[in-house]
Amino acid sequence: MNGKKKHSPRTSLERREVLLAQIGCGYWGPNLLRVFQEIPGSKVKWLCDLKPGRRAWALERYPHLKASESAEAALRDPEVDAVIVATEVVTHFPIARAALKAGKHVFIEKPMAHSSAEARELARLAAQKKLCLGVGHVFLYHPAVKVLQESLVPSKLGRPLYMDMVRVNPGPPEPKHDVIWDMAPHDAALALALAGSRPLSVRATGRRYLQERLDEAAFIEIAFTRGVVARIHVSWLSSRRIRRVEVYAEKGSAFYDDVEPFEKVRLVFPGKDTRVGAAARGKKTLYYGAGDISIPALLPDEPLRKEAMDFLDAIRAKRQPLSGPEIGVRVVEILEAACRSAAGGGKTIPFK
């Protein structure tokens, strides 16, 4: 024995850049294409989209791309390590399943699938083949959300009691899915991340005003263990864009406004009630209100870049990313239960 420590050989992925194929380049696809191209050690080799205009747009900006209408050649390419799925949600399952069966790691835009059965099947297949499966819940990587999570500890605000979340804006011109599937995935993921416990049940109501087939406004309530409740309001009917999260905890409150350009997060601690015992002290000025307010500084990180880097790091480390199959499945279960509840007039849907 020479006493030297043996080092295991590095895998091919550790030695070279990760090569990706992106399927879909619609609303959010250009952002994914940009960020995966910019990260050192990552390169998108294929761009597949049914629409010629989208392929032409991508080739103008990234001439090295192999552009194709079909994804079959990209999935057969032995150099492709991972596939980005940025298509309509109803197509997530067949595309992601084909990619996993081809031995590719997969990143899917949110929501993970259009049913909990599909989402669970993708999670099972990824585990069986020991592949990385990321889901695009980008707000989980927002520095403001990290501050909220770090504030919900006994030394600060304590455990959460309930949450109010609002996400409203003008709706899409030709929606294919109702407002729950379109807008609630972000807040469902945030509620799971902040609650610190597992969901027990969901109930929801939906409203249709201008659309005959689709709910344009919805009100969702998620009950968690330990008595935590998350209430989510999503709507296409506002002329304003609102992105607000309020968390009420044992020792104070946290407020996150993503539309605010500065001071996105405020932590408010309990104040003193000078009315109590005021007469005995001869006090004439009475005061009751909030206590100290803390405005944490947020790191200037782009959440989408952090999300993409986490996915790439997870591939190399042979682990699942922060926004992986577990939370991806849970979000789809919540959306599915919320739609069932809304269709049933607000009936409570328990989780198994």
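Axes are lines fitted to C-alpha atoms, for helices over the stretch in contact, and angles run from 0 to 180 degrees between N-to-C directions. This is a predicted model, in which local features need pLDDT of at least 70, side-chain atom pairs count only at pLDDT 80 or more, and totals for chains, interfaces and linings use all residues. Residues are numbered from 1 along each chain as its sequence is written, and side-chain values use heavy atoms, with hydrogens and water left out.

**View 1. Helices α6 and α11 pack against each other**. Helices (H or I, at least four residues) and strands (E, at least two) are DSSP runs, numbered from the N terminus. The axes of α6 (residues 116-129) and α11 come within 9 Å and cross at roughly 170 degrees. The two helices are therefore roughly antiparallel. For such angles, under 35 degrees counts as roughly parallel, over 145 as roughly antiparallel, 65 to 115 as roughly perpendicular and the rest as oblique. From α6 come Ser116, Ala119, Arg120 and Ala123; from α11 come Pro325, Val329, Val332, Glu333 and Glu336. Contact here means heavy atoms within 4.5 Å. By class, this contact holds five nonpolar, one polar and three charged residues. Ala, Val, Leu, Ile, Met, Phe, Trp, Tyr, Cys and Pro count as nonpolar, Asp, Glu, Lys and Arg as charged, and the others, Gly among them, as polar.

**View 2. The whole chain holds 11 helices and 15 strands**. Its C-alpha atoms fill a box of roughly 80 × 70 × 40 Å, taken along the principal axes. Of the 352 residues, 50% are buried. Buried means under 20% relative accessible area, exposed over 50%, and partly exposed in between (1.4 Å probe, protein chains only). Among contacts with a separation of 6 or more, 68% come from residues 24 or more positions apart.

**View 3. Nine strands form an open sheet with mixed pairing**. Their order is β14-β13-β12-β11-β7-β10-β9-β8-β15. The edge strands, β14 (293-294) and β15 (349-350), each pair on one side only. Helix α11 (residues 325-343) packs on this sheet, touching β8 (199-207), β9 (217-224) and β15. The direction of α11 makes about 50 degrees with that of β8. Two strands pair if DSSP finds at least two bridges between them.

**View 4. A hairpin links β11 to β12 through two residues**. Strand β11 (residues 242-249) pairs with β12 (residues 252-257) in the antiparallel sense, over six bridges. Glu246 stands opposite Phe255, and Val245 stands opposite Tyr256. On goes the pairing from β12 to β13 (residues 265-268), again antiparallel, over four bridges. There, Ala254 faces Leu267.

**View 5. Val259 sits in the loop between β12 and β13**. Val259 is partly exposed, with a relative accessible area of 37%. What does Val259 touch, not counting residues up to four places away in sequence? The list is Arg241, Ile242, Arg243 and Lys264. Phe219 is 40 residues from Val259 in sequence and 21 Å from it in space, C-alpha to C-alpha.

**View 6. Six strands form an open sheet with parallel pairing**. Their order is β3-β2-β1-β4-β5-β6. β3 (66-68) and β6 (133-136) stand at the edges with a single partner each, so one side of each has no neighbour in the sheet. From one strand to the next, the twist averages 20 degrees. Four bridges join β5 (residues 105-109) to β6, and the two run parallel. Glu109 stands opposite Gly136 in β6. Helix α2 (residues 29-38) packs on this sheet, touching β1 (18-23), β2 (42-48), β4 (82-85) and β5. The direction of α2 makes about 150 degrees with that of β2.

**View 7. The largest nonpolar core has 104 residues**. A nonpolar core is a set of buried Ala, Val, Leu, Ile, Met, Phe, Trp, Tyr and Cys residues joined through side-chain atoms within 4.5 Å. Phe36, Met112, Ile180, Ile220 and Ile222 touch the most other members. Helix α8 (residues 179-195) gives the most to this core, with 12 residues. The contacts of Ile220 include Ile180, Ala184, Val202 and Ala338.

**View 8. Helices α7 and α8 pack at an angle of about 30 degrees**. Their axes are 9 Å apart. That makes α7 (residues 143-151) roughly parallel to α8. Val145, Leu148 and Gln149 in α7 meet Leu190, Ala193 and Leu194 in α8. This contact has five nonpolar residues, one polar and no charged.
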